[in-house]
Amino acid sequence: MLLGFTKWELGKSNNLSRLRRMPPRRSYDQYCSAARALDRVGDRWALLIVRELLAGPRRYTDLHADLPGVSTDVLASRLKDMERDGLTTRRRLPPPGAAYVYELTARGRELLPVLQALGRWGERELGERGPTDAVRAHWFALPLLRALDGAGVVEVALPEGDFHLHVGAEDGPVYGDGPAPGEADARLVTDTATCEALARGELRLPAAVRAGRVTVTGDGALAKALRET
């Protein structure tokens with residue numbers, strides 16, 4: 001305790017002071033909800049940062065690793081803007097972690113349907129993967145979430161790595177790296193080419209299961225529904 005302030009209160013005060021010192025962000029100055037939304041998430045990389053934080057709290061170094069092409073200065077600037085606008089928060093993990101992590105606020109998480117709508121609209125823009133196109137296994141999480149109905153945990157195994165989905169989640173992470181933390185309702189085993197076809201909208205998940213391009217195991221309702229389609 002220092003002069004009547006707890007460490008948490010001092011940390012919060014320091015964060016507020018840091019945010020207040022930031023220059024005002026640019027605005028379209030248009031009385032239009034779309035323009036106001038773009039004032040906050042229209043900058044390059046902002047929505048991709050949201051995509052990464054939909055997996056839950058993440059360290060700066062992990063965000064930078066999964067956003068190939070972003071500079072450290074731009075990433076830091078975007079995170080500060082998003083924190084100031086109430087889309088993300090920054091907190092320090094307790095020991096032994098003792099690292100800062102960024103996570104979405106409830107307001108930031110409301111961007112999930114926006115990202116899903118953009119992803120659906122952009123399916124025809126993907127085309128074939130180019131030789132310089134980066135890919136991460138978990139980037140297929142949102143397309144697969146669009147293809148699944150119901151609720152439960154789905155584990156996905158790809159040659160590039162495993163990730164899991166929280167289908168129908170109303171709060172908390174909607175996906176995560178690695179195997180599911182507990183028993184999954186369904187496990188999907190597939191390959192990158194199939195996921196790319198699903199992401200482009202050229203292939204639907206039920207058709208991929210019927211064709212044997214996606215193997216489904218598990219006893220949960222999601223697994224049974226996929227096997228019966």
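Buried, in these legends, means under 20% relative accessible area.

**View 1. The whole chain, as a predicted model.** By that cut-off, 40% of the 229 residues in the protein chain count as buried. The secondary structure here comes to 12 helices and eight strands. Take the contacts between residues at least 6 apart in sequence: 56% of these join residues at least 24 apart. As for the surface, the protein chain exposes about 13,400 Å², and carbon and sulfur atoms supply 54% of that area.

View 2. Zoom in on strand 1 and strand 3 (residues 100-104), and you'll find them paired in the antiparallel sense over two bridges. Here R59 stands opposite V101 in strand 3.

**View 3. Helix 3 against helix 5.** Helix 5 covers residues 72-84, and helix 3 packs with it at an angle of about 80°, the axes being 10 Å apart. Angles of 65 to 115 degrees count as roughly perpendicular, so helix 3 is roughly perpendicular to helix 5. Who meets whom? On the helix 3 side it's A46, I49 and V50; on the helix 5 side it's L75, R78, L79 and M82. Sorted by class, this contact has six nonpolar residues, one charged residue and no polar ones.

**View 4. A cis peptide bond at P95 to P96.** If you check the backbone torsions here, omega for the bond from P95 to P96 is near 5°. P96 lies in the loop between strand 2 and strand 3.

**View 5. Positive phi at D29 and W45, neither of them a glycine.** Start with D29, whose phi is about 55°. This residue is found in the loop between helix 1 (7-20) and helix 2 (33-41). Next comes W45, with phi near 85°, in the loop between helix 2 and helix 3. Which of the two is buried and which is exposed? D29 has a relative accessible area of 68%, so D29 is exposed. W45 comes in at 14% relative accessibility, so W45 counts as buried.

**View 6. Helix 10, mostly covered.** Helix 10 spans residues 192-200, and eight of its nine residues are buried. Those residues are T192, T194, C195, E196, A197, L198, A199 and R200. What do they pack against? Their partners are helix 8 (123-126), helix 9 (141-147), strand 4 (152-158) and helix 11 (205-210).

Definitions and conventions
Residues are numbered from 1 along each chain as its sequence is written. This is a predicted model: local features need pLDDT of at least 70, side-chain atom pairs count only at pLDDT 80 or more; totals for chains, interfaces and linings use all residues. Side-chain values use heavy atoms; hydrogens and water are left out. Two strands pair if DSSP finds at least two bridges between them. Helices (H or I, at least four residues) and strands (E, at least two) are DSSP runs, numbered from the N terminus. Axes are lines fitted to C-alpha atoms, for helices over the stretch in contact, and angles run from 0 to 180 degrees between N-to-C directions. Angles under 35 degrees count as roughly parallel, over 145 as roughly antiparallel, 65 to 115 as roughly perpendicular and the rest as oblique. Contact means heavy atoms within 4.5 Å. Ala, Val, Leu, Ile, Met, Phe, Trp, Tyr, Cys and Pro count as nonpolar, Asp, Glu, Lys and Arg as charged, and the others, Gly among them, as polar. Buried means under 20% relative accessible area, exposed over 50%, partly exposed in between (1.4 Å probe, protein chains only). Accessible areas come from the Shrake-Rupley method with a 1.4 Å probe; for residues, only the protein chains shown count as cover.
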